[in-house]
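Biologist: I would like to learn how to read interfaces in a model. Please take them one at a time.

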Number of protein chains: 2
Amino acid sequence: MTHPALELIDTIYTGNGWKVRLLCGYLGVTLQRRSLSIVEGDLDTEAFRRINPWGQVPVLRTREGPWLAESAAILWYLARGTDFLPTAALAQAQVLQWLFFEQTQHMVNLAQPRLWVELRGTMKRDDPAVLAWRELGDKALACMEAHLQLQHYFVGDRPSIADVALFPYTCMAEQGGYDLQPYPSLRRWLERMQALEGYVPLL
Amino acid sequence: MTHPALELIDTIYTGNGWKVRLLCGYLGVTLQRRSLSIVEGDLDTEAFRRINPWGQVPVLRTREGPWLAESAAILWYLARGTDFLPTAALAQAQVLQWLFFEQTQHMVNLAQPRLWVELRGTMKRDDPAVLAWRELGDKALACMEAHLQLQHYFVGDRPSIADVALFPYTCMAEQGGYDLQPYPSLRRWLERMQALEGYVPLL
């Protein structure tokens, strides 16, 4: 029995979609990729809402058939049974802790300045809203720096989907006006992730 | 060998902490609970930052010793090996999908109006910021309603931590000015959750 191909729907520049392609690169898993355009309104169609009712990318067509949304849930699905997802109870929970940290403390503050300053160009680096995001985002980066002063990867002694999830928006932080100079351990971790076999760049 | 007791640090009114106590009620698991006060500055101390560097409750002291943050990661840790966490790959990923939906689309928009309108009293129900949260929150509630028209629980045919995570802020939505009348399937699901053995109210 052959499984249907894993199909990923994303947009070209999304860091959340990059996470999935990055993990597949490290794992040597082949994806069919289809990139939609937010500007063209591709996510705001009846057809796409049947795939994801809350209208966001990335989404993955699973081996079982149904579409799966939420980048971190997709990472979990693809990493099960591989070295990128530990099996012990505490280590799994710590991976999840960083996945939720990424979505609620990190990504939201790092992605928005990049979107409005770099990609759309409708805000400047010193707009009050951008400065507010950067204050919270720098708090998240400082937490990561403190953790990476103690260990090379976020959970245990080898890369997991916690690292994969945190990589894209950290790597692109400077596009939103962040300065990574104060975070030397974070910068070494970024280099470590880029040196892993199978690394896939955004473009 | 006896395990050290599971210890939960929360605040009295937090819905994120309620999730953990609710699951423990359903599972019949005993927790030591210690409630801190945001107003008294308990979360902004050196001692608490050693427990959670990003300064949020709830946190759980695990059986293995380390403290675990992020309510959804705590739910996962406690539910492993129980009926509240399915084991199949797709079902687990779907549970995670709803856990991330709860944190990024649902909780953020339902908790804020409750906090500023009901608990702090510094905003009114028709303030522009509250109306903006409510527009997004109603989108999340409509997604849940559509899903619950098809099935009794969020994943599979029995309650999981996806239901436990989504329950508290949905149950308290009216405190933030939400009207649940347009969501009959959602209201029946709330009643179903309250009727389960071991149900624990907020206070």
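**Between the domains, then between the chains**

Modeller: Start with one pair: the side chains of A:Lys19 and A:Glu102 form a salt bridge, N to O 2.9 Å. The term means a side-chain nitrogen of Lys or Arg within 4 Å of a carboxyl oxygen of Asp or Glu. This is a predicted model, where local features need pLDDT of at least 70, side-chain atom pairs count only at pLDDT 80 or more, and totals for chains, interfaces and linings use all residues. Residues are numbered from 1 along each chain as its sequence is written, chains are lettered from A and ligands numbered from 1 in the order in which they are written, and side-chain values use heavy atoms, with hydrogens and water left out.

Biologist: How many salt bridges cross between domain 1 and domain 2 of chain A?

Modeller: The rule finds 1. The bounds, from an automatic or database domain assignment, are 7–79 for domain 1 and 89–195 for domain 2 of chain A.

Biologist: What area do these two domains of chain A bury between them?

Modeller: The size of an interface is often given as the accessible area lost when the parts come together. Here buried area uses a 1.4 Å probe and is summed over both parts. Domain 1 and domain 2 of chain A bury about 1,400 Å², with 73% of it on carbon and sulfur atoms. On the domain 1 side, A:Trp18, A:Lys19 and A:Trp76 lose the most area to domain 2, together 38% of what that side buries.

Biologist: How is chain B related to chain A?

Modeller: Two copies of a chain are related by a rotation about an axis and a shift along it. Copies are superposed by least squares on C-alpha atoms of residues with pLDDT of at least 70 in both. For chain B on chain A, the rotation is 180° and the shift along the axis 0.0 Å, with RMSD 0.0 Å. The two copies are therefore related as by a two-fold rotation axis. The C-alpha of B:Thr104 is the nearest to the axis in chain B, at 3.4 Å.
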